[in-house]
Amino acid sequence: MAATGVLPFVRGVDLSQNNFKDDEFPKHVADMSGLRWLRINKTNLDMLPDELSHLSKLEHLHMSRNNLIQIHGDLPTLSCLRTLNLRHNKIRNSGIPNDVFNLEEISVVDISYNQLSAVPEECEKAKSLLVLNLSHNNIPSIPNQLFINLTDLIYINLSDNELESLPPQMRRLTNLQTLILNNNPILHVQLRQITTMSQLHTLHIRNTQRNYNNIPPQLDMLTCLADVDVSHNELPKVPEAFYRLPSLKRLNLSSNCIKDLSSSVDCWVNLEMLNLSRNKLSSLPVAICRLTSLKKLYVNSNELDFDGIPPSIGKMSSLEQFLAASNKLELIPEGLCRCPKIKRLVLNSNCLVTLPEAIHLITDLEVLDVRNNPNLVMPPKPRPQQKGSGQEFYNIDFSLNHQLRLAGAVPTTSTSATPTKDPIARKMRLRRRRQESEADKDQTKVLKGMSDLAEKKNKGLTRMESEVQEVGHKSWLDNLEKPQLDYSDIFSSDVGQLPCVEVWQIENFVPIEVEETLHGKFYEADCYIVLNTTLDDSENLFWQIYYWIGSEATLDKKASSAIHAVNLRNLLGAQTRTIREEMGDESEEFMELFGDVAYIEGGTLSGFYTVEDISFTVRLYRASGTQNIHLEPVPVDKSSLDPRYTYLLDNRLSIMIWYGDQSKSLTRSKARLMAEKINKMERKNNANILMMTQGSEINEFWEILGGFDIDFKPTPCVEDFTPMKPKLYQVGLGMGYLELPQVELPKNKFKQSCLDTKHVYILDCGADIFIWIGRKSSRLVRAAALKLAQELCSMIIRPSVAIVVRVLEGTESQIFRAKFQGWDNVLGVDYTKKAEGATRQIHKDDSEFKTDLSALFMNRQPSMTNTECEQLADEWNADLDVMESFVLENKKFVRLPENELGHFYSGDCYVFLCRYWVPKEVEEKPDVEGGDKTDDDEDEEDSQEDEIAYTVYFWQGRDSSNMGWLTFTFSLQKKFESLFGEKLEVVKLCQQQENLKFLSHFKYKFIIHRGKRKAVPIKGEELNPKFYHVRANGGSLFTRCVQVHPTSKWLNSEFCYILMVPFNSEDMKGIVYTWIGDTCDGEVSRMAEEMAYDMFGEHYSHQLLTEGEEPENFWWVALGGKRPYDKETDYMEHVRLFRCSNDKGFFTVSEKCSDFCQDDLADDDVMILDTGHEVYQWVGPLCSDTEVKLAFKSAQVYIQHLRIKQPDAPRKLAIIKKGREPWKFIRCFHGWGKFKTHAASNI
C-alpha cells in the first residue's frame, strides 16, 4: 500500500505479540519520528532493531518476553529514554552497554528474568533512577558503590538471586517504598539497613533464612510499612515488632513454625489480609475477631479444631475469604456464617460432620469447598419464606437487626424498648391517665366543635372548586399521554446543559456529533442539526434548534435531520419550534452562530440501499476449532486444501462447505452453522449453501479454485497450524498526534463490551484487519483509523490475501463477530429506576435487592478542634508560595484587586493559581571529624531542591452560569497547561462546597455576597440593608460569612451577624451593626468584628452590639421588627445529612460531610436530614418511585436504631418536598436561599 503520511504523527504504538523473528521488524517504524512510547513485547526479537536509532524522541521502550541476548547498538543515543523494560529475555552482563546508564532521563530499568551474573557495570551512574528490577537472575552480591548515588530509588526488586548479604550503603535509601528480596540465601544477620528506610511501604523477605533472632527489632520504626511477606522462613512465633506496625494491611506468615498468636493482634486495626497457612497453630486468639478491616484470612494446613476458632468470629464485618483446608475441624462456629460479606469458604480435607443451618442464609457466598470430608452431612435447607418487607418494598429486609448485621455491627437491644413489667408503676400510669382525661373532657368538646365547623367549610370549598373545573374548557390534548421515549442511544445525557453551540451530522440515518473545530464547515451533500443553548434574563437555559439542508443532500438525510431535530426538542423539553435552514438561504440568526460559513463539496453516502452491483471478493476460509470456530483466510486456490480441515468458500450468493476426510465432525457442524448465519444475517436468505465431501466436489467449486486437475490430491499443507491470536487496538487522536495502544482484555478474552461506541478500533487478525467504527465516533478519528490500518497492514509481513475491512457499529459481519466470545445483541434491562419494572422482576424470581445502609449506623463525625484547624492551616499556608487571583469580567478573566481577596459574589466566577513548595526529605548525616562538612556533603546539600507544584482552583458561585467554566477551560486552563505541564492540577469548587486547603488560604476571612461583583444597582434598591450570617460547620476552618435575607428569624444566640443599613448621605454611607450572641465563641466574635471593618470601611459608622442591648433601629429599620428567634443551637450537635440513591445499580445511603449546604440537595435523589428532634425525608422532584419507597423504609430503620442508641432523644419522621421546607429544616443550612433553576425543571 502507498504511504499515507501519518507515521510522523504517531506518538505511541503497541506492536506486541507479532512475529519479528529473522529480521522481520517493520522498517516503517523508522518513519515514526515523533514516537514517544513503543511496546514490542512477545515478538521473538533476537537483536535490537536498527530502526530504533531514528526514534530520537522515544521515552518508553518495552521489549519483554523476547529472545534478546544483548542490546548493543544505538540504544545509548536515545537521549530522551526514561523507561527500559527488558524482562524475560536471555541477556547477560556482556550484552548490556555501559553507556545506557549515562542517559540523563533514565528512571526505570527492568532487567529481570535474564541471565545476569552481576549488577550491570556503571549502573550507579544513572542518578535519576527510581525503579530498579534485577530479580530472577544469578547475582551473588551487590557492589557497595551502587547505592551511593542512587538515593532517589523508590522500588528495588532483587528477589530470586544468590545474595548472601546486603551492602551497608542501603541505609541511604530513605525514599525507598518497595523492597523485595525473596528467595535469596541471605546469611543469619539482622538486616539493620531496613530500619532506616522511613518511607518503606512494602517489604518482602520470603525464603531468606529468617528466624526470630535475625529479624530487626526496630522494625516498628517503619510507620508506613503496609505489606510484609516473611513466608517460607523459620519463625517460631510472630516477632514483637510486627505487632507495633500501625499501617500494616497485608501480612504473610505462611510456611513457618508458628504455634500460637499473641492477643496483641488487635493492634492491626488496618490489616486486610493475613496468611497463616502451613504453620502449627492449634487455635486462634479471641482478639483476632476485633480486626474489623480484615478481608482475607488463610489458615490452611494447621492443627485447628472446632474449639480453635473463636465463636465471636462473626464480628469480623469485612471478612470475605476464610480458607481453613487440611485442618482437624469437626464443625465450624455458627458465627462464621454470620459474617455479612463472606464470599469464599474453603473447608476441604477436614473431619467435618455437618455445617450450621445458617450456611444457607449466606447471601453473597460464591465458593463453598467441602471436598474430602467423607462423614459430612449437609444441613437441610430451610423452607423459603416471604423475604424482607415483601414485594412492595422489593423483598428487602428492613429489620434493624438484619441491617445492623449487613453493616457489620452487632445487633443490640435496649432496656427502654422492652421494659420489665412493674405492676405498681402500671397502676399509677392508669390512674394518672384517667385523671388527665377527666380534666380535659371540656377541652375535647370545644376542639371537636371547631373541627366539625372546619370540615363543613372545606367541603363547601371543594364543591365550589369542582364546579369551576367543570365549567372550564378542557382540550383533547390534555387527555393524551406523552410516550416514554429513550434518546440515550442518539444524544448524550449532557446535551444542551451548557451555553454553547452543538452540531450533529446525519450519517446512516443517525446524527453524529461534529467536533468544535469543524463548526461552520458544511458538506453540500449532507444535512446537519444545530443546537444553540443560551441563558435568558432569568438565568434559565433557552434552546434554538436548527436543521440545515445541503443542496445535494439525499431524501433520507433530509427526513432524518427533521425527525431528529424534533427528537432533540422532546428530549430537552423545549417549547421552541425547529427551524429549517437551506444552503444558500440561511437566516441572519443562523449565520451569526458561526461567523464564517464554508461549503465543502461531497458528503457521506446515503443511508438507503443502492441498486448498484457492489464488487465482491471471493474468499476461502480454513475452519478450525471445536468450542469456538476460527476462520482463517487462505489463498483461493486448490493447493490450500488440507484433508484435516473444513473449508468455507464464500462466493456471495453461493456458500460452499468442503469437508476434508480427516476433518472433525464438530468443526463441520460449526462451519455449517456459520454459513447459515452469514446467509440469514448478511445475504437475506438469498444464498445457496452447498456442502460437499472430499472427492465429491462440483464443477463450480473447482472453477473458482482455478480449474479441475485429475492428478490433484489434497495433501497436508500445514504442519502445526495454530490460529493467530487477534490484537485489538484503540485509535487515539489528540492535538497533532496519534496513538495506537492495545486494549487490555478482561481475563484475556475478546468480548463485545470491549468496544465503545465513542471510539474506533482496529482488530488485527493477521490476514484480516477490521476497522470497527463506533456510531458516536468523530470523523477525524475515523479517517485516522483508516490510514493507520493501511500502514499497519503494509508494515508487517502478512499473507497475500490480507485485506482491510471497514465495519460500522451495528452492521458487523459474522466473520467479525466470531472473533468475540459470546457476542450478544440482547440489551440488559435495569429495574432499579422504575418501581413497576422492579416489581415485575421480583415477582419473576422472588429475589432480594442488594442494599447498603451502613452509613445510618455509623457515629456522627466529630467537629475539628481549634488546635487541629490552626495546625492544618499553618501547614498548608507554609507550603503556599504565591497565590494569584482572577475574576471573570466581560467574558474574560482579569486580575482581582488585592483589597477584594476573600470577597466572593454568588453571580461570579473566580480563578486562583497557587504555587506550592513540595520539600524533599534530606537524610541526616553524622558529623565528620573536626565538625566540618566535606565538599561532597556541601555539593549534595546544594543539589537538594524543593519541588514545585501548581494548583488552579476554579470557584463558581451558585447564581453564576456555566459560561465561566467554559471560558476558563478554553483560555486560562490551556495557558496554564502549556506553562506548567504535568505539574498542574485543576480543582473545580462550587459555592459553600470548598475544600479545607482552599479555605485555609484566606485566613478565616471568607465572605460571600449576593449578586454580581460589578452589577449596576436597580433604582430604588440602593438603600436596601444587607444582612450577613457568620457561621462555622464542623470547625473554625469552615467559617464563612454569607449574605442572607434580612429577617430577625435568622438570629441565634450562638452565632454572630453583620447588618449594614445604608444612608442617603455623602458624608456617612450607613451604619454597620455587629451583633454578638450571648453564647457565641469569643474567637468567632473577634473574627466577625474584623470582617465588618473589612467589608465596610471608614465611611460607615460601626457599632458592636451584644444580645439584649439592641437599639430600636436595629429591629425596625432593617429586620422588619423584633420577633422571637432561636436561643439554642443544640441541633448543630446532632444534624446529619444522608443521600439515598441507586446510581450504583443498588440502593445505597451515604452521609454528606458536616459542612453541607443547600446545593447538596440533589433533585434526582432523596435526602434524609436528622436535626436531633426530627428526621426529615426530603424528596427531589426527579427521583424515582423506587428511591422514595426505599428511603422511607431506611428512615424508619434509622429512627428505630436511634431509639435504642439515644432513648432520651426520640425522633419524629416527616416527609417534605422541594420548595416546601419548614424552618426547622432550613435553619440547618448556612446561607439558605432560592433553589437553582435547572433545565430539567422545564421538562
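A salt bridge here is a side-chain nitrogen of Lys or Arg within 4 Å of a carboxyl oxygen of Asp or Glu, and a search of the whole structure finds 39 of them. The structure is a predicted model, in which local features need pLDDT of at least 70 and side-chain atom pairs count only at pLDDT 80 or more, while totals for chains, interfaces and linings use all residues. Residues are numbered from 1 along each chain as its sequence is written, and side-chain values use heavy atoms, with hydrogens and water left out.

The protein has 20 helices and 52 strands, these being DSSP runs numbered from the N terminus, with at least four residues for helices (H or I) and at least two for strands (E). Of its 1243 residues, 46% count as buried, where buried means under 20% relative accessible area, exposed means over 50%, and partly exposed lies in between (1.4 Å probe, protein chains only).

Among the salt bridges is the one in which the side chains of Asp764 and Arg798 meet, at 2.8 Å from N to O. Asp764 belongs to strand E32 (residues 760-764) and Arg798 to the loop between helix H9 (779-795) and strand E34 (803-808), so the pair ties together parts that are 34 residues apart in sequence. Both Asp764 and Arg798 are buried.

Another salt bridge joins Glu994 and Arg1040, whose closest N and O atoms are 2.9 Å apart. This pair links distant parts of the chain, 46 residues apart, since Glu994 sits in the loop between E41 and helix H16 (996-1000) and Arg1040 in strand E44 (residues 1040-1044). Glu994 is buried at 5% relative accessibility, and Arg1040 is buried at 1%.

A further salt bridge, between Glu676 and Arg672, has an N to O distance of 3.2 Å. The two residues are 4 residues apart in helix H7 (residues 665-681), and therefore separated by about one helical turn. Glu676 is partly exposed at 37% relative accessibility, and Arg672 is partly exposed at 32%.

Turning to buried positions, helix H14 (residues 963-970) has Gly964, Leu966, Thr967, Phe968 and Thr969 as its buried residues. Their cover includes strand E36 (880-889), strand E40 (947-956) and helix H15 (972-980), with contact taken as heavy atoms within 4.5 Å. Elsewhere, Thr202 lies in strand E9 (residues 202-204) and is buried, with a relative accessible area of 10%. Not counting residues up to four places away in sequence, Thr202 touches Gln177, Thr178, Leu179, Leu225 and Asp227.
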